[in-house]
Amino acid sequence: MNTIITDAIENFYFVGQPIRHLKNEQMVEFELLLRNNIVLGFPKDEYAWMTKSEKSHAKFLKYIVEDVCRILDCNPGMYFSLNLDQQEIEYETTFQIMEQISLKNRSRLILEITEIPTLRRYGQYGETINV
């Protein structure tokens, strides 16, 4: 399983989608969009597989955070946003890994929580969504 995870992770990369202010067209930030070398667009199947268990997600997120830190270091003064889904914030390791981002870089990283529900729900969506 480790080889499968490593092989999948090595195909991931980010593209930066510029986010512009609607009034003055000034670029505000870049949204980091996960892509891979195998499928066109968001690699939803691979991503779902990576977030299915806390163990596979920890390895995936460690790679992602290292790449995000590299992007932040190479682009001082620029702001970036990164999407996390509900399942990811259910895992304690998510918070442990995110703490590895330096304080100076944290101020330039916006975390967006998506509306995708957790994989394991114990009630109605509205009752289980993380706020």
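Residues are called buried under 20% relative accessible area, exposed over 50%, and partly exposed in between (1.4 Å probe, protein chains only). The model is predicted; local features need pLDDT of at least 70, side-chain atom pairs count only at pLDDT 80 or more, and totals for chains, interfaces and linings use all residues. Residues are numbered from 1 along each chain as its sequence is written, and side-chain values use heavy atoms, with hydrogens and water left out.

Cys-74 is exposed, at 52% relative accessibility. Cys-69 is buried, at 16%. The whole structure contains zero disulfides (pairs of cysteine sulfur atoms within 2.5 Å).

Four strands form an open sheet with mixed pairing, in the order β1-β2-β3-β4. Strands (E, at least two residues) and helices (H or I, at least four) are DSSP runs, numbered from the N terminus. Two strands pair if DSSP finds at least two bridges between them. β1 and β4 (109-113) are the edge strands, each pairing on one side only. β3 and β4 run parallel and are joined by five bridges. Asn-83 stands opposite Glu-112 in β4.

The largest nonpolar core has 26 residues. Such a core is a set of buried Ala, Val, Leu, Ile, Met, Phe, Trp, Tyr and Cys residues joined through side-chain atoms within 4.5 Å. Phe-14, Phe-60, Ile-64 and Val-68 touch the most other members. The largest share, nine residues, comes from α3. Beyond neighbours within four places in sequence, Phe-14 has contacts (heavy atoms within 4.5 Å) that include Leu-33, Ile-64, Val-68 and Leu-82.
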